[in-house]
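Here is a short report for a reader new to this structure. Take a look at the chain before reading on.

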Amino acid sequence: MDMSRIAKKLGFSESKQLILHAAELRRLADIQFDSSIIGIGEICKAIICLEIAASRMEVIFDHHAAVKLSGLFEKAYNRSFNSMQNSIGIKKKLHIRELAIQFGCIRLIPFVQKGLSLYKDRFIASLPPSRKASTDIMRPVFTAAGFYLCAKRHNYMKILQLKIDKSKLIELAGTSEYEFSSVSASMTDLCFDVFGKTKEKRDSKEDNGNHDVLPEKRRVDDDGPLSDDGEERLACMKRKQMEKHVLEE
């Protein structure tokens, strides 16, 4: 089955540029990726190329229809997608709008955009000048984590009632649960005002003068039992680990 016929089944019969781009990706995959190793058939390979092309061209793509047409279970399709994309050297893109459509929560888009923009500014500001230019915080895991945290916040505040499958988000981002959790902790710590759920104001006497603007500047006392803000300090430690992970990418 050629690329045009598969594209037609997915509703892209008139998208000539998309089909051409997908065909180029397929030729590249034939050279650099041995699909037989993980059991990907030619039809599935073409479908994945179409989805990659749609993502690169920022065209809305029906992921569910693609999975159904491929004949694979969704987890197997996502693994195949990530393997092929990595093999041909293309960085995965994950768009907020695509996630919003897939999970049925279009109203969440502006909140996620605001949160990610704020996180980027605060995260970059916390780094030394020598590291600011080389830091990449636009990878799919950041988009997925921001989307998930916004959904949780809206559920808690009863603004929207959303059901977001965390495992599915992790698969779509092509990341691990550890990295996803680390990024989520970092985002919550730096941008609690847009990603957090609740936070009681502590008594000024309990603050001990520890009242800096950025969470990473707060002191963490090593002596004595863990206080009520122990979870916050743990999140701070995780965020610092994530900063190191991001900078090493």
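## Burial and surface

A residue is buried at under 20% relative accessible area, exposed at over 50%, and partly exposed in between, using a 1.4 Å probe and protein chains only. By that rule, buried residues make up 45% of the 249 residues in the chain. The chain exposes about 14400 Å². Carbon and sulfur atoms supply 51% of that area. Areas follow the Shrake-Rupley method with a 1.4 Å probe.

This is a predicted model, in which local features need pLDDT of at least 70, side-chain atom pairs count only at pLDDT 80 or more, and totals for chains, interfaces and linings use all residues. Residues are numbered from 1 along each chain as its sequence is written, and side-chain values use heavy atoms, leaving out hydrogens and water.

## Overall make-up

The chain has 14 helices and zero strands. Both are DSSP runs numbered from the N terminus: helices are H or I with at least four residues, strands are E with at least two.

## Helix α11

Helix α11 covers residues 177-190, 14 residues in total. From first C-alpha to last, α11 reaches 20 Å, close to the 20 Å expected at 1.5 Å a residue. That expected span is 1.5 Å times one less than the number of residues.

Why is α11 largely enclosed by the rest of the structure? The reason is that 10 of its 14 residues are buried. Among them are Phe-180, Val-183, Met-187 and Leu-190.
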